[in-house]
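Dear colleague,

Here is the structure I promised to pass on, and below it I set out what was found in it. Please read the notes with the coordinates open beside them.

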Amino acid sequence: MGKKGKRVRRMGKRGLEEIRSRLSGSRFRCINEKLYKCKSDISFTMFNSDPKLYSAYHEGYRNQVLTWPYNPVDKVIQWLKQRQELVNIGDFGCGDALIAKTFTKKVYSYDLVATNEHVTACNIKRVPLETGVLDVVIFCLSLMGTDWPLFILEATRTTKIKGRLKIVEVTSRISNPKEFINFITSFGYALHSSNHNTTGDYFVWFEFVLEDRKEIKEDKLLQYNHLLTPCLYKQR
């Protein structure tokens, strides 16, 4: 047995798994930073030209979820179970489409790459839906990229009047909740409820009701992207 083989043997299975985990985590952090700091068109092209990148990202994401106090998607699912009137659901940035897997309701699941049969691959600033068809649009940790305000514009287009907008984000991303709320309400929403005044929660959530669909020009929106700061994970 060569020196390399002896080192691997001494290292053992646990040591090899730790190295693989660190390499996976490092790649996840690199991709994650890219997603937050570029426009969604670039992310869409990047993942669809190399699907392995998307697999690597979601593997790292699943590992990251294990370090959180809870998975916010589970909370969203609980919330939906209590609101039977919300029949047509838009899950924008759905990942593995856990919401669609949970319900028999119509769930329109969109993400950059289709990881399973529930997901439609697209850029969520332009989804293949007619205007005003959704009872609720959900963004659960999916307002990524420098053009995320355009995602809100698309959600507003596809939501029914009196429909809901549910946003869940890492609390540290929103330094000024009041400004963020004011920005969302400028699209025609009214704030229904939020936990942004609660201290200590790792995640912040907002629920809005669409009262009136305002006319907003796309080129005016990107100046507000600073209202959400990138969520960059440190190396452990």
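**Ile31 and the main core**

The model is a predicted one, and I would begin with Ile31, which, once its neighbours within four places in sequence are left aside, is in contact with Met46, Phe47, Leu53, Ala56 and Tyr57. Ile31 is also listed, together with Phe47, Tyr57, Leu80, Ile99 and Ile138, among the residues with the most contacts inside the largest nonpolar core, which has 38 residues. At least two residues of this core are supplied by each of α1 (3-37), α2 (40-49), α3 (51-65), α4 (72-81), α5 (98-102), β4 (134-140) and β5 (159-170), and the largest share, 6 residues, comes from α3. Domain 1 (14-66) and domain 2 (72-216) each contribute at least three residues to this core. A second, separate core of 32 residues includes Val137, Leu165, Ile184 and Phe206. As general background, nonpolar side chains in soluble globular proteins tend to be buried together.

**How α2 meets α3**

The axes of α2 and α3 lie 4 Å apart, and the two helices pack at an angle of about 105°; since angles of 65 to 115 degrees count as roughly perpendicular, α2 and α3 are therefore roughly perpendicular to each other. On the α2 side the contact is made by Met46, Phe47, Asn48 and Ser49, and on the α3 side by Pro51, Leu53, Tyr54 and Tyr57.

**Leu80**

Leu80 has its place in helix α4. Buried means under 20% relative accessible area, and Leu80 is buried because its relative accessible area is 0%. Leaving aside its neighbours within four places in sequence, Leu80 is in contact with Leu86, Ile89, Ile99, Phe103, Lys105, Val136 and Ile138.

What is the order of the strands in the open sheet? There are 7 strands, arranged as β3-β2-β1-β4-β5-β7-β6, and their pairing is mixed. The edge strands, each of which pairs on one side only, are β3 (119-121) and β6, while the twist from one strand to the next averages 25°. The parallel sense is found between strand β1 (residues 88-92) and strand β2 (residues 106-111), which pair over 5 bridges, and here Asp91 stands opposite Ser109 in β2. Helix α6 (residues 149-158) packs on the sheet, where it touches β1, β4, β5, β6 and β7, and the direction of α6 makes about 150° with that of β5.

**Strand β7 and its two partners**

Why can strand β7 (residues 203-210) be called largely enclosed by the rest of the structure? The reason is that 7 of the 8 residues of β7 are buried, so the strand is largely enclosed by the rest of the structure. The strands β5 and β7 run antiparallel and are joined by 7 bridges, with Trp205 in β7 as the bridge partner of Val168. Strand β6 (residues 189-194) likewise runs antiparallel to β7, and 5 bridges join these two strands; within β7, Phe206 is the bridge partner of Ser194. Phe206 also belongs to the second core described above.

With best regards

Note on methods:
Residues are numbered from 1 along each chain as its sequence is written. This is a predicted model: local features need pLDDT of at least 70, side-chain atom pairs count only at pLDDT 80 or more; totals for chains, interfaces and linings use all residues. Side-chain values use heavy atoms; hydrogens and water are left out. A nonpolar core is a set of buried Ala, Val, Leu, Ile, Met, Phe, Trp, Tyr and Cys residues joined through side-chain atoms within 4.5 Å. Buried means under 20% relative accessible area, exposed over 50%, partly exposed in between (1.4 Å probe, protein chains only). Domain bounds come from an automatic or database domain assignment. Contact means heavy atoms within 4.5 Å. Two strands pair if DSSP finds at least two bridges between them. Axes are lines fitted to C-alpha atoms, for helices over the stretch in contact, and angles run from 0 to 180 degrees between N-to-C directions. Angles under 35 degrees count as roughly parallel, over 145 as roughly antiparallel, 65 to 115 as roughly perpendicular and the rest as oblique.
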